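Below is a short report on a protein model with its sequence. Look over the structure before reading on.

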Amino acid sequence: MKHQLLPLSETMHYILLALNEPLHGYAIMQTVEHMSGGAVILAAGTLYGAVDNLSKHGWIEPVPGESGRRKVYRITDEGKGILAIEQRRLQHLLSLYETREYDEKT
Amino acid sequence: MKKLRLFANLLAEEKWLNDRLAEGYACDRISPFGSYTFKPSARKMVIRLDYQDYMSAEKFEEYKVTYADFGWSHLKGGRWGSIQYWQKNADGRDEIFSDAGSQVAYYKRLMNYSLMTACLFFIYTMIILKGSIFHALFDIKASYLTNGLWEREGSKFWRAFIFETPFAMLRFLPPWIFMIACAMFLFSCVQYNNKKKKYV
């Protein structure tokens with residue numbers, strides 16, 4: 001059965017992509033803002049809930065050894081697998097856009 | 001400035017607080033039993049209310065640090081399933097939820113919270129009234145247990161009456177609070193469904 005979080009929401013998608021490098025909460029927001037060209041600005045509650053949810057599913061994990069008040073997360077192999085599924089889905093969608101454009105031209 | 005106010009609905013409370021802040025105040029302290037302390041503030045402030053279920057000490061710390069990094073200061077809220085009060089300077093990034101999913105999830109938490117409140121008062125009412133909730137709603141005299149209280153006269157009556165009133169209220173108010181909690185639960189269901197319809 002398809003996972004309940006799939007297809008990924010924009011918030012989840014950006015967070016998973018951002019966590020290719022280890023980041024703490026606020027840095028995730030900054031990275032996502034930068035990656036999306038300012039289009040996606042995560043608020044505190046949304047970020048906290050999404051990070052909590054993603055780590056519950058084992059798609060991201062706290063980086064061990066990072067002490068201090070801020071927890072640092074990174075993507076897990078399972079999370080990378082999810083991104084691969086999403087990439088195939090989006091590539092397929094994009095290919096449909098492209099054939100449609102091709103149809104219109106001929 | 002100190003204000004006393006009781007709210008049955010979290011969204012109404014949030015709106016009321018922000019209306020005070022818009023008058024040029026910042027919230028200083030929120031005490032139990034609806035006591036809010038404000039102080040004048042040169043900067044425009046905003047308050048947002050969140051509700052969170054039980055969190056482990058570690059999760060609660062992470063929750064608070066995340067909000068603090070975004071500029072929110074924690075006014076009130078524990079980790080055993082309670083309302084969280086957050087305040088910050090208004091700077092255009094004044095929401096705590098930025099997508100549809102987290103807003104709908106928030107309204108769902110509010111619905112579960114009000115259901116839990118109603119259930120708690122239901123259990124309490126059942127225990128103290130042994131099940132006769134609807135009868136107890138309108139029979140205030142039955143809340144007074146002193147034998148022959150209503151036959152007494154003059155100061156003897158008033159002394160006994162005033163002495164027992166706080167205890168009688170503990171018996172008389174819960175069924176009413178239970179009814180209000182039920183109404184609030186239905187209201188929060190409607191709000192949740194409206195939110196869901198708007199987005200999904």
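Chain A has 4 helices and 3 strands, where helices (H or I, at least four residues) and strands (E, at least two) are DSSP runs, numbered from the N terminus. Along the sequence of chain A these elements come in the pattern α-β-α-α-β-β-α. This is a predicted model, in which local features need pLDDT of at least 70, side-chain atom pairs count only at pLDDT 80 or more, and totals for chains, interfaces and linings use all residues. Residues are numbered from 1 along each chain as its sequence is written, chains are lettered from A and ligands numbered from 1 in the order in which they are written, and side-chain values use heavy atoms, with hydrogens and water left out.

The C-alpha trace of chain A spans about 60 × 35 × 20 Å along its principal axes. Of the 106 residues in chain A, 40% are buried (under 20% relative accessible area, with exposed over 50% and partly exposed in between; 1.4 Å probe, protein chains only).

At the interface, 20 residues of chain B are in contact with 20 residues of chain A; contact means heavy atoms within 4.5 Å. The two chains bury about 1,800 Å² between them, 54% of it on carbon and sulfur atoms. Buried area is the accessible area (1.4 Å probe) that two parts lose on being put together, summed over both. Asp69(B), Phe70(B) and Arg93(B) supply 33% of the area that chain B buries against chain A, more than any other three residues.

There are 5 salt bridges between chain B and chain A, each a side-chain nitrogen of Lys or Arg within 4 Å of a carboxyl oxygen of Asp or Glu. Helix H2 (residues 57-69) of chain B gives the largest share of the side of chain B that touches chain A, 9 residues.

Within chain B, Gln84(B) lies in strand S6 (residues 82-89). Gln84(B) counts as buried because its relative accessibility is 0%.

| Pair | Atoms or groups | Distance |
|---|---|---|
| Lys59(B) and Asp52(A) | side chains, salt bridge, N to O | 3.0 Å |
| Gln84(B) and His74(B) | side chains, polar contact | 2.8 Å |
| Gln84(B) and Gly78(B) | side chain to backbone oxygen | 2.8 Å |

Notes
Polar contact = N/O pair within 3.5 Å; in protein donor to acceptor, adjacent residues only side chain to side chain.
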